[in-house]
Amino acid sequence: MCKKKGVTIVNDGFIKTKTQQKIMKKLKAVTPQFAKREHELTEKGSFPFENIQDLKDIGYTSISLPKEFGGEEISLYDFLLFQEQIARGCGSTALSIGWHVGIVMDLAENRTWEPTMFSYICEQVKKGALLNRAATERQTGSPTRGGKPATSASRDKGGWSISGRKTFTTMSPVLDYFLVTASIEGTDEVGEFLIPKTVEGVSIEETWDSVAMRGTASHDLVMHEVKIPQEYLVEKKIPGKSSAKNSGWLLHIPACYLGIATAARNYCLDFAAHYQPNSLKHPIGQLPTVEQAIGKMELELMQARHFLYSVAEKYDSATDRNELKPELAAAKYIVTNSAISIVDHAMRIVGARSLSEANPLQRYYLNVRAGLHNPPMDDSTLSLLANHALKTANEKPFVSF
């Protein structure tokens, strides 16, 4: 248990292994500082440089590397546990570093790259390099909707020349590599290219003006005739064709918003236990209406956490992880929407002061809503679940009674 201003907050029982205990101990040593700095991430162009450096210093940025490359080779369950803890301190930091750690996990799990290039990027990550995908464009919207990139790749003197613009390049100020999707000229194929930030023609345009998750610095990546070697085409795909790759790592998204919701819940509990207007003889937490609101908040948090981690455990032990796509999507839907509701409950309990610029709840409120716009979107999830249910019904008709 831990105590904060007289309130006892019981730690959950989701930590199960010595590895989890070891890494959580390191994270819990730095995340209080993240929370203290979080208010600084409200200005345009802000970014949690110190937080990312702290995570590098404790070895977190290489944690998902395979053991042969010096990593911990963490499970999905581990990953979500750690990401949730980081988000309790700072949501922007968690979402930013989650893309990097998750992509490394994705590459290690699916091994779709040529071994030489995979070894190269693992060695760079072990040295401290950071990477993220740059796939979204203003013309095409989210890549999950199937649009073909306007960014183009053409063959050039034994290599490639890349030109285009990508939006939502999260963590752009500190990235060392970008994984860029581009249409390969003369074909129907889309390639994913590894582009170092140091290559001539690469620049970042500071366009990020979102009021939510401002600290992610998800600016535009601009590429003008960027020249890269032939082998930096690391993957090919055909637009509109469903990927067979496992994608459990994307649950870092709901884990982040769950962490933000937990931070809001903790603030609310502390407030309810201590705030006592002169019209009462006791703190507001003892009012029946407030008790009911806290109970609803606790119930939603409990449901969300158990659903998320049960799906993660199932994923880690599954023999065919592709069968879990409906549950993975459902976990994002349930957890993200529950997180929004939990923050709303917290704000209703705290009242008008929750809207104060100095109050962290207003930042939690803005940040947690960003989850609605991270993949998969709610409508896509509901369609997936409906189609899966109908397909199951056709394959195995239900018995009527």
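Among contacts in the protein chain between residues at least 6 apart in sequence, what share joins residues at least 24 apart? It's 74%, where contact means heavy atoms within 4.5 Å.

Okay, some ground rules before we go on. This is a predicted model, so to speak: local features need pLDDT of at least 70, side-chain atom pairs count only at pLDDT 80 or more, and totals for chains, interfaces and linings use all residues. Residues are numbered from 1 along each chain as its sequence is written, and side-chain values use heavy atoms, with hydrogens and water left out.

Now the overall picture. The protein chain has ten helices and ten strands; these are DSSP runs numbered from the N terminus, with helices being H or I of at least four residues and strands E of at least two. The radius of gyration is 22 Å, close to the 21 Å from the globule rule for 401 residues, so the chain is as compact as a globular protein of that length. That radius is taken over C-alpha atoms, and the rule is 2.2 Å times the number of residues to the power 0.38. Along its principal axes, the C-alpha trace spans about 80 × 60 × 40 Å.

How much of the chain is buried? Of the 401 residues, 52% are. Buried means under 20% relative accessible area, exposed means over 50%, and partly exposed is in between, using a 1.4 Å probe and protein chains only.

On to the inside. In soluble globular proteins, nonpolar side chains tend to be buried together. Here the largest nonpolar core has 115 residues, and Tyr60 and Phe193 touch the most other members. Helix H6 (residues 252-274) gives the largest share of this core, 13 residues. By a core I mean buried Ala, Val, Leu, Ile, Met, Phe, Trp, Tyr and Cys residues joined through side-chain atoms within 4.5 Å. Leaving out residues up to four places away in sequence, Phe193 touches a list that includes Trp160, Phe178, Ile228 and Tyr232.

Have a look at glutamine 83 too, which sits in helix H3. Its relative accessibility is 0%, so it counts as buried. Beyond its neighbours within four places in sequence, glutamine 83 is in contact with Tyr60, Ala94, Ile97, Gly98, His252 and Ala255.

Next, charges. How many salt bridges does the structure hold? There are 20, each being a side-chain nitrogen of Lys or Arg within 4 Å of a carboxyl oxygen of Asp or Glu.

Take lysine 16 and glutamate 313, which meet at 2.7 Å, N to O. Lysine 16 is in the loop between strand S2 and helix H1 and glutamate 313 is in helix H7 (residues 288-317), so the pair ties together parts 297 residues apart in sequence. Lysine 16 is exposed at 52%, while glutamate 313 is partly exposed at 38%.

Then there's arginine 305 with glutamate 84, at 2.8 Å, N to O. Arginine 305 lies in helix H7 and glutamate 84 in helix H3 (residues 76-89), so this bridge ties together parts 221 residues apart in sequence. Arginine 305 is buried at 7%, and glutamate 84 is buried at 1%.

Last one: arginine 165 and aspartate 220, with the closest N and O atoms 2.9 Å apart. They lie in strands S5 and S9, so parts 55 residues apart in sequence are tied together. Arginine 165 is partly exposed at 34%, whereas aspartate 220 is buried at 2%. Salt bridges with shared partners join Arg138, Arg165, Glu205 and Asp220 into one network.
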